[in-house]
Amino acid sequence: MTTLVGEQLRSPLAESLVKILTNVFIWASNVATFMHRRTESPTVTVTVPGPTLGVVGGGQLGRMLAEAAAPLGVDIVVLDPTPDCPASAVADQIVGDFTDPAAMAELAARSDALTFEIELADPDLLDELAAEEGIEVHPSPDALRTIEDKLVQKRTFGEADIPIPPFHRVDDAADLRAALDEFGSVMLKARTGGYDGRGNVPVTDPEDAEDAIDAVGGPAMAEAFVDFERELSVIGVRGDGQIRTFPVGENVHEEEILRETIVPARTTDEVTEEADRVAREVLSHLPGRGVFGIELFETAAGDVLVNEVAPRPHNSGHWTIEGAVCSQFEQHVRAVLGWPLGSTDRRAPTVSANILGTVDESQPARLAGLEAPLSESGVSLHWYGKDEVRPLRKMGHLTAIGTDDEAVEELLDRARTLRDGLYFD
Ligand code: AIR
């Protein structure tokens with residue numbers, strides 16, 4: 001009987017029938033999978049005009065966000081107090097303070113989702129808009145609250161057993177002297193508001209305690225001075241149920257200001273893996289979707305400690321525009337809107353070099369010497385469009401893409417030489 005059925009099936013008519021039935025089955029299961037996916041996660045659609053992302057802050061980060069959003073069909077509107085802020089060249093701008101409720105309400109009214117590119121954004125106002133207008137805000141204002149106060153930030157990570165340098169709360173000179181007594185040298189940091197080295201004062205001598213307290217000008221925290229081997233950073237992104245990290249970068253700072261980022265970092269595989277692990281751990285304690293910049297110290301013993309975290313795209317991730325498959329700015333737009341994330345893979349060894357305000361006094365910004373970088377293959381210029389150059393202000397950056405044959409030191413030298421040939425006249 002079995003043999004008979006087998007022989008019957010081998011007839012041409014039966015074989016065609018089996019093929020048809022098989023195809024119908026495959027088609028039906030494809031439809032079922034598709035319908036299942038549709039109910040699991042909504043499909044991404046764009047319209048004209050596209051979805052609008054409202055951004056608190058319209059500096060260079062807002063500008064590069066808008067540049068990345070355009071190809072996705074996403075419009076950007078920024079809120080910034082400076083008329084004609086850098087982002088306004090590529091996005092709509094509402095001129096207003098970050099803490100002005102009416103300006104924030106206008107931003108929410110014009111947007112489908114809200115984010116921020118500066119820690120001066122007000123988490124309470126963002127929470128109110130989320131509750132009253134039902135607008136999504138990413139990252140969560142709670143992540144901003146944790147990060148904007150450096151003492152709260154370090155306490156949160158310390159309680160989560162994330163490796164950090166030891167620290168103390170400092171409200172007055174006596175607290176600072178106690179910290180010096182315990183740690184030897186410290187970095188005194190304003191708890192809020194400081195960035196690009198502003199609000200950070202290194203202190204070793206207890207005699208300097210009063211002056212240091214005056215210099216930070218408010219509630220502070222003192223961190224044991226870390227004699228690090230090198231500084232690293234990881235740009236991480238949390239999307240809708242996904243977490244991705246970019247390859248680890250190595251950062252060169254001078255006077256507390258980032259000068260260059262080198263990818264790949266010149267460190268061991270073990271340290272690279274540990275940096276990625278620590279960064280993912282940090283991300284798991286910061287709610288909401290979006291890009292986070294995690295700055296780390298590598299100690300002489302090969303340990304990795306968290307220095308500082310930013311709840312936004314970060315200067316040390318600018319290399320990803322040319323150097324990675326999907327940049328930190330595009331990832332941020334995708335993440336905030338709940339869209340699938342892009343690949344964080346590196347395309348090539350990459351160095352980014354900041355163009356800082358190499359002037360003694362503020363003056364109208366006019367950058368000269370651009371012939372060389374513009375003539376060089378694999379080098380890109382990003383000018384932020386700030387009309388005034390101030391001492392050490394971030395005015396733009398150069399990115400140099402290399403090949404796996406070229407030592408990253410040579411790429412770094414090339415980027416530095418091109419950047420150092422630029423001047424404000
Ligand atoms: N920024 C925000 N936090 C740290 C940095 N660097 C970026 C944001 C912000 C801009 O710097 O894009 O809007 C402000 O730059 P400036 O030079 O006007 O202080």
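The chain folds into 14 helices and 22 strands, where helices (H or I, at least four residues) and strands (E, at least two) are DSSP runs numbered from the N terminus. The model is a predicted one, so to speak of local features takes a pLDDT of at least 70, and side-chain atom pairs count only at pLDDT 80 or more, while totals for chains, interfaces and linings use all residues. Residues are numbered from 1 along each chain as its sequence is written. Buried residues account for 42% of the 425 in the chain; a residue is buried if 20 or more other C-beta atoms lie within 10 Å of its own, exposed if 12 or fewer, and partly exposed in between, with C-beta atoms placed from the backbone. Of the contacts with a separation of 6 or more, 64% link residues 24 or more positions apart, a contact being two C-beta atoms, placed from the backbone, within 7 Å.

Now to the ligand. The residues around it are Gly57, Gly59, Gln60, Leu61, Gly62, Glu117, Ile118, Tyr195, Asn315, Arg393 and Lys394, each with its C-beta atom, placed from the backbone, within 6 Å of the molecule. By class, this shell has three nonpolar, five polar and three charged residues. Here Ala, Val, Leu, Ile, Met, Phe, Trp, Tyr, Cys and Pro count as nonpolar, Asp, Glu, Lys and Arg as charged, and the others, Gly among them, as polar. Helix H3 (residues 60–69) gives the most to the shell, with three residues.

H3 also packs against helix H12 (residues 328–337), at about 75 degrees and with the axes 8 Å apart. Axes are lines fitted to C-alpha atoms, for helices over the stretch in contact, and angles run from 0 to 180 degrees between N-to-C directions. The two helices are therefore roughly perpendicular, the word for angles of 65 to 115 degrees. On the H3 side, Met64, Leu65, Glu67, Ala68 and Ala69 take part, meeting Phe329, Glu330, His332 and Val333 of H12. That contact comprises six nonpolar, one polar and two charged residues.

Elsewhere, four strands make an open antiparallel sheet in the order E6-E9-E7-E8; strands pair if DSSP finds at least two bridges between them. Strand E6 (167–170) and strand E8 (200–203) are at the edges with a single partner strand each, so one side of each has no neighbour in the sheet. Neighbouring strands are turned by 25 degrees against each other on average, direction ignored. Strand E7 (residues 186–190) pairs with E8 over four bridges, and leucine 188 has valine 201 in E8 as its bridge partner. Helix H7 (residues 150–159) lies across E6, E7 and strand E9 (220–224), at about 45 degrees to E9. Helix H9 (residues 209–216) lies across E7, E8 and E9, running at about 170 degrees to E8.

Most residues other than glycine have a negative phi, and most peptide bonds are trans. A cis bond joins valine 48 and proline 49, with omega about -5 degrees, and another cis bond joins histidine 138 and proline 139, with omega about -10 degrees. Glutamate 255, in the loop between strand E12 (249–254) and strand E13 (257–263), has a positive phi near 50 degrees. With 10 C-beta neighbours inside 10 Å, glutamate 255 is exposed. Leucine 392 has a positive phi too, of about 65 degrees, and is partly exposed, with 18 other C-beta atoms within 10 Å.

Terms used
Angles under 35 degrees count as roughly parallel, over 145 as roughly antiparallel, 65 to 115 as roughly perpendicular and the rest as oblique.
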